[in-house]
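Here's a walk through the fold, helix by helix. Have the viewer open and follow along.

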Amino acid sequence: MCSTAPPSVTHLIHRAQDGDRDAVDELYAVTYADLQRLARARLRASRRDTLLDTGGLVHESYLRFALSSCLKLEDRVHFMRWAAQVMRSVIIDFARRRLAGRRGAGAARVTLAAAVM
């Protein structure tokens with residue numbers, strides 16, 4: 001009986017960086033529980049009503065990883081640190097967009113001209 005062990009996270013990271021899309025999916029499947037815990041901690045630390053949930057934050061980090069082309073990660077620890085930084089930037093970007101929406105965010109400016117007598 002021959003049992004095959006799942007590939008290590010480091011091996012998956014290197015394969016993903018070499019362009020293997022299946023490795024990206026497998027990497028996130030293997031680390032999903034850890035990434036959710038990290039996302040929960042990041043959202044708790046932000047102390048803002050971001051309207052983001054842990055799943056959305058993890059999925060956004062997945063998209064950024066899948067679309068990154070020059071990212072060089074060494075191992076699981078490096079990957080988790082990178083994911084924490086990405087999650088922080090996602091929360092900040094979301095908050096900035098939300099605040100911009102409150103300030104008009106692209107609405108047409110209207111100049112009011114009134115004659116004062």
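## Ground rules and the core

A nonpolar core here is a set of buried Ala, Val, Leu, Ile, Met, Phe, Trp, Tyr and Cys residues joined through side-chain atoms within 4.5 Å. Buried means under 20% relative accessible area, exposed over 50%, and partly exposed in between, with a 1.4 Å probe and protein chains only. This is a predicted model, in which local features need pLDDT of at least 70 and side-chain atom pairs count only at pLDDT 80 or more, while totals for chains, interfaces and linings use all residues. Residues are numbered from 1 along each chain as its sequence is written, and side-chain values use heavy atoms, with hydrogens and water left out.

Which members of the largest nonpolar core touch the most others? In that set of 25 residues, the answer is Leu35, Phe65, Phe79 and Trp82. The elements giving two or more residues to this core are α1 (9-17), α2 (21-46), α3 and α4 (76-102). The largest share, eight residues, comes from α4.

## The overall layout

The secondary structure of the protein chain comes to four helices and zero strands, and the order from the N terminus is α-α-α-α. Helices (H or I, at least four residues) and strands (E, at least two) are DSSP runs, numbered from the N terminus.

Of the chain's 117 residues, 29% count as buried. Contact means heavy atoms within 4.5 Å. Take the contacts with a separation of 6 or more: residues 24 or more positions apart account for 63% of them.

## α1 against α2

How do the first pair of helices meet? The axes of α1 and α2 come within 8 Å and cross at roughly 150°. Axes are lines fitted to C-alpha atoms, for helices over the stretch in contact, and angles run from 0 to 180 degrees between N-to-C directions. Angles under 35 degrees count as roughly parallel, over 145 as roughly antiparallel, 65 to 115 as roughly perpendicular and the rest as oblique. α1 and α2 are therefore roughly antiparallel to each other.

The crossing of α1 past α2 is left-handed; that label applies if the near helix is turned anticlockwise from the far one by less than a right angle, and right-handed if clockwise. On the α1 side, Val9, Leu12, Ile13, Arg15 and Ala16 meet Ala23, Val24, Glu26, Leu27, Val30 and Thr31 of α2.

Threonine 31 sits in helix α2 and counts as buried because its relative accessibility is 0%. Leaving aside neighbours within four places in sequence, threonine 31 is in contact with Val9, Arg76 and Phe79.

Over in helix α1 you'll find glutamine 17, which is buried with a relative accessible area of 19%. Setting aside neighbours within four places in sequence, glutamine 17 has contacts with Leu71, Lys72 and Leu73. Glutamine 17 and phenylalanine 65 are 48 residues apart in sequence, yet their C-alpha atoms are 9.1 Å apart.

Helix α3 (residues 54-67) has 14 residues and reaches 20 Å from its first C-alpha to its last, close to the 20 Å expected at 1.5 Å a residue. That expected span is 1.5 Å times one less than the number of residues. Which residues of α3 are buried? They are Thr54, Gly55, Leu57, Val58, Ser61, Phe65 and Ala66.

α2 and α3 pack at an angle of about 140°, with their axes 8 Å apart. That makes α2 oblique to α3. α2 passes α3 in a right-handed crossing. Among the residues making the contact are Tyr28, Tyr32, Leu35 and Gln36 of α2 and Thr54, Val58, Tyr62 and Phe65 of α3.

Threonine 54, in helix α3, is buried with a relative accessible area of 19%. Not counting residues up to four places away in sequence, threonine 54 touches Gln36, Ala39, Arg40 and Leu43.

Valine 58 also lies in helix α3, and is buried with a relative accessible area of 1%. What does valine 58 touch, not counting residues up to four places away in sequence? The list is Tyr28, Tyr32, Leu35, Gln36, Ala39 and Met87. Leucine 35, in turn, is in contact with Tyr28, Val58, Phe79, Met80, Ala83 and Met87, leaving aside neighbours within four places in sequence.
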